[in-house]
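Please open the model in your viewer and keep the selection tool ready. We will take a short walk from one stop to the next.

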Amino acid sequence: MGLKEEFEEYAEKAKTLPENTTNENKLILYGLFKQATVGNVNTSRPGIFNMRDRAKWDAWKTVEGKSQEEAMSDYITKVKQLLEEASASS
């Protein structure tokens with residue numbers, strides 16, 4: 001299985017993460033997903049009153065410069081980690 005296929009598989013698995021997954025971890029996944037699928041940030045930062053989108057934009061900006069392959073690999077690793085933590089705590 002290639003990296004892209006594995007990435008897509010783990011993107012599906014990420015949807016099954018427990019509801020108690022922290023916002024911090026969700027933002028890390030969001031940033032890596034956007035970097036892997038879109039590349040570097042290509043929009044302007046949302047305004048101060050749009051806190052949710054601003055946090056998502058900041059998470060994406062944090063991983064700017066990573067190659068798409070590196071972002072895919074980091075995303076897969078993070079989803080695996082969160083799934084293992086979820087199964088260990090249940």
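Select K15 to begin. K15 has a relative accessible area of 62%, so it counts as exposed, since the cut-off is over 50%. E12 itself is partly exposed, with a relative accessible area of 46%. This model is a predicted one, by the way, so please read each distance on our tour as a value computed from predicted atoms.

While salt bridges are on screen, select K66, E70 and D74 together. Salt bridges with shared partners link K66, E70 and D74 into one network.

Next, move to helix α1 and pick K13 and E9. Both residues sit in this helix, 4 residues apart, which is about one turn. A salt bridge joins K13 to E9, with 3.1 Å between the closest N and O atoms.

Now select K80 and E6. Here the closest N and O atoms of the salt bridge are 3.7 Å apart. Why is this pair worth a stop? K80 belongs to helix α4 and E6 to helix α1, so the pair ties together parts that lie 74 residues apart in sequence. K80 is partly exposed, with 34% relative accessibility, and E6 is partly exposed as well, with 24%. How many salt bridges does a search of the whole structure find? The count is 8.

Time to look inside. Select F7, L29, Y75 and V79: these are the residues with the most contacts inside the largest nonpolar core, which has 15 residues. Which elements give two or more residues to this core? Colour α1 (3–14), α2 (23–37) and α4 (68–89), and you have them. The greatest contribution comes from α4, with 6 residues.

For the last stop, centre the view on L29. Leave aside its neighbours within four places in sequence, and show what else L29 is in contact with: L17, Y75, K78, V79 and L82.

Note on methods: Residues are numbered from 1 along each chain as its sequence is written. This is a predicted model: local features need pLDDT of at least 70, side-chain atom pairs count only at pLDDT 80 or more; totals for chains, interfaces and linings use all residues. Side-chain values use heavy atoms; hydrogens and water are left out. A nonpolar core is a set of buried Ala, Val, Leu, Ile, Met, Phe, Trp, Tyr and Cys residues joined through side-chain atoms within 4.5 Å. Buried means under 20% relative accessible area, exposed over 50%, partly exposed in between (1.4 Å probe, protein chains only). Contact means heavy atoms within 4.5 Å. A salt bridge is a side-chain nitrogen of Lys or Arg within 4 Å of a carboxyl oxygen of Asp or Glu.
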